[in-house]
Amino acid sequence: MTDTNEDASPRFEPTMDPTGVRIVDPIESVEFAVGTDRPVDPIPVADEPFRFPVDATVEFEATEIEFPYRAILTVRDADGTHRCDLFEDGEQRFSGRRYTVELSKTPVKVYLAVEGELTVRISGNSAVVRTENGKGVRLGARSYHSSPAGTITTTEDPTDVASALSRLGSALKTRSPERSWPTLRGYPPLVEFGDALHVPDGLSSPDSGVSIVVPPRLDALLPVASLAFYLDATVRIGMPPRLRADGREWSLTEDGDIETTVANVLRRQFTLDCVVRTTGYYDFDLFERDLLADLLPFDPGEAYEWPLAARVAAYMDVAPTAVDGAAPRWRLTADLVPEPDAVEALPHLAHELAAIRCPTPGDIDDPGVGGVGRPVFGRDRSEQAALARGADEAWNQNFVYPETATSIEHAYRGPGVPVGASELSVSAYERSLRRDPVEDVETSVTVVTNDTDMIEGDTVAAIYDLNELASFDVRMLEGLSRSELADALATETDLLHYIGHVDDRGFECADGFLDARSVASVGAEAFFLNACTSYEQGRALVENGATGGIVTVADVFDSTAERVGETVARLLGQGFSLAAALEICKRTTGFPTGEYLVVADGGVRVTQNETGVPLVYRVTWDEGLIVTPVAFPARGIGLGTTVVPFGNENDRHFLAAGEGFPIDATLDAFAETIRSEPIPLLVDGDLYWSPDLTRDDIAGLVDADSNE
């Protein structure tokens with residue numbers, strides 16, 4: 001895996017008290033201390049002994065190297081062959097040869113190369129590697145690069161914009177198939193407008209042998225950003241639109257238009273990389289590889305060794321329909337009205353590998369009464385005010401209706417209030433990049449109920465606070481005045497869940513109305529404003545400090561709001577993102593959720609669940625119980641992540657976005673398994689929670705007795 005790009009490199013600094021090496025990552029602004037049994041002089045070396053991408057390597061002499069907490073240790077032979085994983089207290093010894101030790105769960109990715117007899121040990125709160133003679137120890141580090149390494153300045157000239165897009169791939173840690181792992185795709189450099197094109201040092205032009213040719217128009221340039229990033233491609237101005245690699249060309253309008261064709265090409269390239277990477281250093285049973293085994297015109301093991309351009313060409317020989325059943329469900333589709341300021345959103349969208357579309361005014365026109373997801377207006381408040389969560393002032397907005405997307409999240413940037421999509425905010429993305437990582441595992445939630453007649457507040461506070469979500473610190477506030485609500489909005493919290501009334505004047509309080517636009521700084525990272533027409537107040541929260549939230553664009557009735565509020569609370573508490581929580585509500589019957597949408601970053605999640613990847617299990621009966629896991633990505637769970645679902649004796653993985661493989665299970669085994677944590681279950685389109693169901697309940701839901 002030597003096909004790498006250089007980026008801003010970590011520094012290695014010797015320390016004396018205690019003795020060791022401090023690794024400083026200038027991109028992430030983090031550091032990591034490595035202890036040694038003697039003072040060392042880390043000397044930079046160019047010839048890296050690692051089979052994995054690193055940004056910098058040093059050499060020193062030490063017999064014992066200690067890491068200050070329980071990192072996960074993976075030991076491999078020099079050729080990459082896996083020897084062991086050590087993540088619990090214990091010790092492993094290996095006879096004399098060259099070894100590589102990989103550390104996980106560290107703020108900087110760390111590799112250690114040693115020669116001779118090796119002992120690795122985890123004990124208490126430290127991990128120790130002991131070498132035979134201590135000579136020629138090499139320490140390599142790679143930034144996780146979840147922050148941009150620099151900012152490119154471009155003019156509005158299409159040629160300059162193309163040059164900026166050509167540098168997005170500088171964040172990739174490798175051009176091998178392993179870049180389909182999210183940890184090997186760094187955050188692309190930011191893009192801003194100026195008087196001239198300026199590319200910072202270190203963001204060199206790609207020499208991957210792959211290029212993308214598009215006309216000099218924004219509606220052609222914007223859609224290729226994610227593909228250019230993932231393929232580390234040079235973007236050129238020309239006609240007709242085409243992809244070039246390995247001396248060959250392919251039309252980029254073959255599927256009707258640029259945006260559709262580019263999205264399909266990216267999906268094919270990415271999926272096949274996920275399959276081919278399983279023939280390398282991460283050789284495990286992947287469901288999607290089995291699906292494609294007989295459909296590929298090349299040997300995956302051979303393709304793994306090819307240079308990028310040759311792999312791109314080989315992948316293009318695979319029929320587009322061949323990957324349909326194996327491709328993960330895409331996380332994000334972004335509709336960008338093709339205006340110059342949309343260029344600033346491209347690094348953030350490319351990092352998500354978003355499918356990017358450029359709608360025309362006709363594409364987002366009002367579909368008319370009865371359109372899918374169209375909010376309902378004109379309700380008679382005199383009859384229904386007691387049942388709805390609005391105050392008295394009318395709310396008028398210019399609604400737009402982006403074409404529906406099959407991805408989990410759908411964002412829109414342009415004029416108007418999007419229905420069925422979140423409103424994309426570049427400032428929210430940039431704000432999330434500046435947030436300091438929180439080491440405290442406790443999640444803070446503030447529940448505000450400004451109408452004490454609404455029972456939802458007590459219910460959701462209990463959901464957040466009780467045993468099923470033991471790591472939550474919940475603060476319950478009721479009947480707040482304007483000043484008290486302003487203080488609550490300004491206080492730092494992971495999630496603000498608001499229940500009450502909202503209209504054009506703002507949040508209804510005990511002594512009047514508070515307009516969120518008057519709050520100088522918002523402390524909540526995420527929010528859920530479960531009130532009528534809360535969109536404008538939610539947008540103000542984002543503009544003043546929040547990263548993303550769920551709002552409404554029409555009146556909502558108490559009965560609907562209570563069900564949505566309780567369900568969203570449980571889903572957020574199990575690690576689902578804002579967008580995924582709302583998506584699950586929309587999938588299930590009995591949830592009229594057309595009035596709800598996400599504003600700003602829908603990928604935000606307030607906590608992580610025990611399994612890492614949020615899962616819903618679809619439960620059916622076909623001569624026995626069939627359980628199908630459905631995975632939902634979120635911030636920190638990028639495309640390319642894999643998951644091993646329950647009841648999988650062979651440790652079979654699937655790509656963690658969308659539907660996995662069906663699992664045969666017994667009622668007894670499944671009922672026992674889902675007792676461990678609250679798990680959402682889908683049965684015939686209805687949503688249930690595992691703590692609420694017994695074995696007999698599950699049998700009744702799938703009608704097991706009559707099917708047997």
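A cavity is a set of grid points where a 1.4 Å probe fits but cannot get out. With that in mind, here are a few close-up views of this predicted model.

**View 1. The largest cavity.** The largest cavity contains about 70 Å³ of space.

**View 2. The residues around the largest cavity.** Which residues line this space? They are L332, E409, H410, A411, S422, L424, S425, Y429, A600, D601 and G602. Strand β22, which spans residues 409–413, gives the largest share of the lining, with 3 residues. Sorted by class, the lining is made of 5 nonpolar, 4 polar and 2 charged residues.

**View 3. An open sheet of 3 strands.** Here the strands follow the order β28-β29-β30, and their pairing is antiparallel.

**View 4. Strand β28 beside strand β29.** How many bridges join β28 to β29? There are 2, and the two strands, with β29 covering residues 506–509, run antiparallel. If you look for V502, you will find that its bridge partner in β29 is F507.

**View 5. A helix packed on the sheet.** Helix α12, made of residues 482–490, packs on this sheet and touches both β29 and β30. The direction of helix α12 makes about 20 degrees with that of β30.

Methods: Residues numbered from 1 in each chain as written. Predicted model: local features only at pLDDT ≥ 70, side-chain atom pairs only at ≥ 80, totals over all residues. Heavy atoms only, no water. 1 Å grid on protein atoms, 1.4 Å probe; cavity = no way out; pocket = protein on both sides within 12 Å on 5 of 7 lines; lining within 4 Å. Points joined across faces, edges and corners; volume = space filled by probe spheres on them. Helix = DSSP H or I, 4+ residues; strand = E, 2+ residues; numbered from the N terminus. Nonpolar A, V, L, I, M, F, W, Y, C, P; charged D, E, K, R; others polar. Pairing = 2+ DSSP bridges. Contact = heavy atoms within 4.5 Å. Axes fitted to C-alpha atoms, helices over the stretch in contact; angles between N-to-C directions.
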